[in-house]
Every structure is written in C-alpha cells, then in structure tokens.
Amino acid sequence: MLAAFSDYVVPLQPDADSFKAALSSRGFNPEASFVAVDGGDIIGFWNVATRNTKRYLIGSGTRIGHRGRGLASHLGMAAINAAEDAGAESFWLEVIEGNTGAERLYQKLGFDVTRKLDCYRLHHPSADPSRCELSDFGTVAQAIQRYSTWEPTWQNATETISGLPLTSFLHDKGGAIIGAGGLVHQIAASDPSALADLLAAAATVGSLTLVNVESADSVLCSLLQELGGDRFIVQSEMRLSLPNLS
Ligand SMILES: CC(C)(COP(=O)(O)OP(=O)(O)OC[C@H]1O[C@@H](n2cnc3c(N)ncnc32)[C@H](O)[C@@H]1OP(=O)(O)O)[C@@H](O)C(=O)NCCC(=O)NCCS
C-alpha cells in the first residue's frame, strides 16, 4: 500500500496501526478483496468493505513499476464479479478530482458520479464552547439524523465511527457535531446559527478537518468558507449498480 501510494495526489503513508484501524472501522472484508501477486510480492490490490447489500472500495493501488498493464482493471473486475455473485446491490467509492488515472479506471469499470464532496481544513478564528454542551454518541447521532439533509459517505457513516473515541457537542436549538479537534465526521443543525455555534465549540478542542462534506450543502460550505476554511480536496463519489443475479 505504501509503495502504490508513494506518488499519490495527496500524501498518504499511514503507519501499520492506523492503516489496520482504518480498514477495520470501515468493515474491510478480505473475502471481497483482491491482490495481484508476482513472485510472492503483492504488486496491486483492491481493498473492499462490505455492509448489508453494499460494497465499498477502501483503496486500490498498483506498484509504480507494474502500472499500465491492466492490473487494477483485472482486480476491479474480480471485485465486482465477487460482489455480484454475493448478491450485492451496489458498489461505492470516492476518487479525488484530478486523479485522472483512477477516474478513468473507475469510469471504464462502469462507475458513475453520484455527487461531489468537499474537504476542508479550518483554523477557527473564534473558538467558543458557550452555546453547546458535550454529549454522548447516541444522543448526537440521533440529533444529526434528524437535521441532516444528506447521507455521510462510508468513512463517516454512523456504523464506521460508532466505536471510535470521539468528542461530540449538542446544540439546544437542535443539532450536533461528531468529532472535535481533528476529524469532524458528522455535523447538522436546525439553522445556520446553530451550525456556526457547533463549529465554534468543536474548534475549542483543536483545528478541524472535514472530509466529504456534500458540495451541494451550500449553507455548510458557505459557512466554512466565511470562516476561512481551506478547501484542500474535492472528491467524486461514484456508484456502480449491480444486476440482481438471484
Ligand atoms: C490508479 C491505479 C490504481 C491504476 O492502476 P493500473 O494497474 O496502472 O491500472 P490499469 O493498467 O488497469 O489501467 C486501467 C485504466 O485506468 C486508466 N489509467 C491508468 N493509469 C492512467 C494514467 N496514468 N493516466 C490516464 N489513465 C490512466 C486508463 O483508462 C486505463 O485503461 P486503459 O489502459 O484501457 O486506457 C494506479 O495508477 C495507482 O496505484 N495510483 C496511485 C494510487 C491511487 O491513485 N489509487 C486510487 C485511489 S482512488
């Protein structure tokens, strides 16, 4: 993985423990995943997660010296065939805009863009906890479900994050934020001022990174831009609907 991602469009060289933790929380399923092997070395991989009738590509990569020979295409086709055989209904992934090799690979395999996603880094100019209170995961997850207008992507889904040690704040006007001082996994509120209060509260723990905010959420995206947030990545979410073979 480290070799295949050594020239990735953003730096991504996790240590073994964080890589294993990310695979595990996302629902990595070895039986749904494929590797290409050459003389005992892994030269390409498709790491796939499974949840209900959905499959999700956690990551795909081919070592630099082995690219352009169809390895990723073959691995992708194997993963898609395995998903169909298992009765899965859809296959999902995200790809960074501008990673043209990967974008073309996924298009060739039949994936279509479903929505655009923005990633922001935010050093909040006026962190302030006063209008929110710390709360437990179950309570904040419920509040977010009530006010959110869009589904989080796989890596931020409630099933993915439910076991993680996360700090969360609740707003008394309705709404919540899960993840403070680091990765913000979910945020939603009854109105824009509550949304602003939640960001200000979460920022008291440290600077914030929001990965995969739906670009069509103009209220949240405008607020992040007004606060000086840096949109450092835009991603495309892609889906392949699978034929029901049963
Ligand atoms: C993207 C990646 C997995 C492709 O692996 P690969 O084994 O070289 O892919 P393939 O040989 O099967 O090529 C598949 C298709 O991808 C596209 N593609 C691959 N590399 C490309 C490049 N450098 N430029 C343009 N298109 C490219 C082509 O459409 C190609 O099909 P074609 O040869 O019929 O035109 C590989 O470049 C990689 O590991 N990149 C770094 C990690 C990464 O970006 N992973 C994806 C994260 S979402």
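1. Helix α3 gives the largest share of the shell around the ligand, six residues. Helices here are DSSP runs of H or I with at least four residues, strands are runs of E with at least two, and both are numbered from the N terminus. This is a predicted model: local features need pLDDT of at least 70, side-chain atom pairs count only at pLDDT 80 or more, and totals for chains, interfaces and linings use all residues. Residues are numbered from 1 along each chain as its sequence is written.

2. The ligand is surrounded by 22 residues, and the closest are Thr62, Arg67, Ala72, Gly101 and Arg104. Two or more residues of the shell come from each of β3 (54-62), α2 (71-85) and α3 (100-108).

3. Sorted by class, that shell holds eight nonpolar, 10 polar and four charged residues. Nonpolar means Ala, Val, Leu, Ile, Met, Phe, Trp, Tyr, Cys and Pro; charged means Asp, Glu, Lys and Arg; the others, Gly among them, are polar.

4. Now a helix pair. The axes of α6 (residues 192-202) and α7 (residues 218-226) come within 11 Å and cross at roughly 50°. Axes are lines fitted to C-alpha atoms over the stretch in contact, with angles from 0 to 180 degrees between N-to-C directions.

5. Pro192, Leu195 and Ala196 of α6 meet Val219, Leu220 and Leu223 of α7. Contact requires C-beta atoms, placed from the backbone, within 7 Å. This contact has six nonpolar, no polar and no charged residues.

6. Overall, the protein chain has seven helices and 12 strands. Its C-alpha atoms fill a box of roughly 60 × 40 × 30 Å along the principal axes.

Note on methods: A residue is near a molecule or strand if its C-beta atom, placed from the backbone, lies within 6 Å of it. Two residues are in contact if their C-beta atoms, placed from the backbone, lie within 7 Å.
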